[in-house]
Amino acid sequence: MPKLTDQEFDEFLATPGLYARFATVDVDGFPRVIPIIFFHHERKIKFTLRPVGAPLENVRRDPKVALSIDEPTDPQRRVNIQGIAQIVYEPGSEDQWLDVYRQMLLKTATPEFVDDYIKGSAEAGLRRPWLQVDLDDPTTRVKTWRLNIEGEERDRPVPMARKYLQNWDGSAPANSENLPMSR
């Protein structure tokens with residue numbers, strides 16, 4: 001399974017309608033995963049969280065997070081990120097990031113809905129933090145892959161990473177050279 005090129009990576013993360021699954025670790029050590037809208041901008045994954053709730057509390061206690069972004073249709077592009085979430089703006093600084101927030105929301109909703117949502121949030125006095133994961137931070141780990149595209153040469157018998165083409169004991173499957181391609 002090929003990795004995404006830089007161009008494929010940027011195009012994929014700009015795709016409308018995609019959500020990320022955002023993972024933190026609760027105080028009791030259990031993982032917590034929530035869907036979030038995100039915005040890839042300036043080599044950072046930017047997002048907001050509710051001002052009250054376990055995900056933000058978890059980030060404040062332990063900023064190590066993971067994000068998983070994928071698509072259900074071919075070529076089934078996928079991105080997994082492990083990194084440090086930085087709280088860039090505390091609640092009450094929405095005017096500093098409102099333009100990027102609007103662009104982010106437009107990936108999943110109509111302009112009318114986004115404008116009403118932003119206006120309603122402001123009128124209600126809702127204040128949110130703005131966070132990011134820096135993809136260029138030396139501690140950030142990014143893994144990407146996709147299925148082969150029509151006409152692209154395949155380098156293995158099934159669409160999975162080479163390391164998975166083995167049994168639990170490390171041996172090759174008996175007929176590994178005859179495994180059919182699923183696509």
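A nonpolar core is taken here as a set of buried Ala, Val, Leu, Ile, Met, Phe, Trp, Tyr and Cys residues joined through side-chain atoms within 4.5 Å. The model is a predicted one, and its largest core of this kind has 23 residues. Within that core, the residues touching the most other members are L13, F22, I45, F47, L49 and L67. Two or more residues each come from α1 (6-13), β1 (20-25), β4 (44-48), α2 (54-61), β5 (64-70), β6 and β7 (130-134). In general, nonpolar side chains in soluble globular proteins tend to be buried together.

L49 is a handy place to look around. Setting aside residues up to four places away in sequence, L49 touches F22, I34 and I36, then P55, L56 and V59, and also R128, P129 and L131.

Helix α1 turns out to be two-sided. E8, F9, F12 and L13 are buried, and because they span an arc of only 120° around the axis, they sit on the same side of α1. D6 and Q7, on the other side of α1, are exposed. As for packing partners, the buried residues of α1 pack against β3 (39-41), β4, β5, β6 and β8 (141-145).

Strand β6 (residues 78-89) also holds G83. With a relative accessible area of 9%, G83 falls under the 20% cut-off and so counts as buried. Its contacts, leaving out neighbours within four places in sequence, are P63, K64, V65, V133 and T140. For K64, the C-alpha to C-alpha distance to G83 is 5.7 Å, although 19 residues separate the two in sequence.

Terms used
Residues numbered from 1 in each chain as written. Predicted model: local features only at pLDDT ≥ 70, side-chain atom pairs only at ≥ 80, totals over all residues. Heavy atoms only, no water. Helix = DSSP H or I, 4+ residues; strand = E, 2+ residues; numbered from the N terminus. Buried < 20%, exposed > 50% of the residue type's maximum accessible area, 1.4 Å probe, protein only. Contact = heavy atoms within 4.5 Å. Arc of directions from axis to C-beta.
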